[in-house]
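Please walk me through this structure in running text, with the cut-offs behind each term.

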Amino acid sequence: MMKTGLYEDVHYLRTESRLLGIPLTFYVYAVDGLLVDTGPASQREDIIPFLERSAIREVALTHAHEDHCGLAAWIQQNLDVPVYLHEALHAEVGTDARLPLYRKLAWDSRKAFTPRPLPEVFRTPKYRFEILPAPGHTPDHVVLWEKERGWLFTGDFFLGVSQVVAFRGEESGRSIDSLKRLIALGADTLFTAHAGVLTEGTRHLTRRLEFLEELRGKVHELRAEGLSDRAIARRLLPRRKLITLISVGEWSTRHLVRGL
Ligand SMILES: [Zn+2]
């Protein structure tokens, strides 16, 4: 169900897509004219009125997954505001995304758009958002940090404390290094794309770090015993997940083990 709200000075829209009846939640954030991620094209009927109400002047994208930039092309064509994205992803988003069926069903297509390179800092009339690299979920993922307010916009860097499957190519080992850097910031609030607004931000990041370090320790022990990634995944994460089936292996326990 769609919902809008305000946390401190950050406007948010919670919207829900469905994949085979499973709800998929997405949060879009607008603060002082800056939009952080556009949300998926499938939710355009909820998101477009929110964008129009929020008087967006610029758009920062945390990474190029279709649920985060699915409306970037629409925004460029209709609102005439700049869209910023890590330069390494510009070639990828310059053509329409070719997505596996389940992602198309979940989030709809992502049309080609022409972003500008991310600046080091976004300055809005009231705030200053630093762009910080946060590799893990994807290699070029970034987060936005507003130091005075203690706000951290995390995109998909933080999906939850624990995890049983990872996306193909996800580098969970690098997430550990990124988490250590982000914990040092002392964030009060996390604005996450799928889990909403989380107070006590640093506590969530710390619990996430503890979870990943513990799992990595177990992976390394089993690897030292000579087990393959597949065997380690079966031992540590034995329950088969529906998403592995639906995504034809794009999400799996094995990717998590390999990434660690
Ligand atoms: Zn993502």
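This is a predicted model: local features need pLDDT of at least 70, side-chain atom pairs count only at pLDDT 80 or more; totals for chains, interfaces and linings use all residues.

R254 counts as buried, because 20 C-beta neighbours lie inside 10 Å. The class rests on C-beta atoms placed from the backbone: a residue is buried if 20 or more other C-beta atoms lie within 10 Å of its own, exposed if 12 or fewer, and partly exposed in between. R254 sits in helix α10 (residues 253–259). Helices (H or I, at least four residues) and strands (E, at least two) are DSSP runs, numbered from the N terminus. Leaving aside residues up to four places away in sequence, R254 touches D229, R230 and A233, where contact is defined as C-beta atoms, placed from the backbone, within 7 Å.

Residues are numbered from 1 along each chain as its sequence is written.

Helix α8 (residues 229–236) packs with helix α7 (residues 201–224) at an angle of about 130 degrees, and their axes are 10 Å apart. Such axes are lines fitted to C-alpha atoms, for helices over the stretch in contact, and angles run from 0 to 180 degrees between N-to-C directions. α7 and α8 are therefore oblique to each other; angles under 35 degrees count as roughly parallel, over 145 as roughly antiparallel, 65 to 115 as roughly perpendicular and the rest as oblique. The crossing of α7 and α8 is right-handed. A crossing is left-handed if the near helix is turned anticlockwise from the far one by less than a right angle, and right-handed if clockwise. On the α7 side the contact involves K218, V219, L222 and R223, which meet I232, R235 and L236 of α8. By class, the residues of this contact of α7 with α8 are four nonpolar, no polar and three charged. Here Ala, Val, Leu, Ile, Met, Phe, Trp, Tyr, Cys and Pro count as nonpolar, Asp, Glu, Lys and Arg as charged, and the others, Gly among them, as polar.

α7 also packs with helix α6 (residues 172–183), at an angle of about 150 degrees and with the axes 10 Å apart. α6 passes α7 in a left-handed crossing. From α6 the contact takes in S172, G173, S175, I176, L179, K180, L182 and I183, and from α7 it takes in T202, L205, T206, R208, L209, L212, E213 and R216. The contact of α6 with α7 holds seven nonpolar, five polar and four charged residues.

Which residues of helix α1 (residues 44–53) are buried? They are D46, I47, F50 and L51. Viewed down the axis of α1, these buried residues fall within an arc of 120 degrees, so they line one face of the helix; the arc is that of the directions from the helix axis to the C-beta atoms. An α-helix has 3.6 residues a turn, so residues three or four places apart point the same way. The buried residues of α1 pack against β1 (3–7), β2 (10–19), β3 (22–31), β4 (34–36) and α3 (72–78). Exposed residues E45, E52 and R53 are carried on the face of α1 turned away from its buried side. After α1 comes A55, with a positive phi near 50 degrees.

Two loop residues other than glycine also have positive phi. E8, in the loop between β1 and β2, has phi near 50 degrees and counts as exposed, with 11 C-beta neighbours inside 10 Å. D32 lies in the loop between β3 and β4; its phi is near 55 degrees, and D32 is partly exposed, with 18 other C-beta atoms within 10 Å.

W145 belongs to strand β10 (residues 142–146). Is W145 buried or exposed? W145 is buried, because 21 other C-beta atoms lie within 10 Å. Not counting residues up to four places away in sequence, W145 touches F129, E130, L132, L152 and L185. P139 is placed in the loop between β9 (128–133) and β10 and counts as partly exposed, with 15 C-beta neighbours inside 10 Å. The C-alpha atoms of P139 and H63 are separated by 9.2 Å, although 76 residues apart along the chain.

Notes: Two residues are in contact if their C-beta atoms, placed from the backbone, lie within 7 Å.
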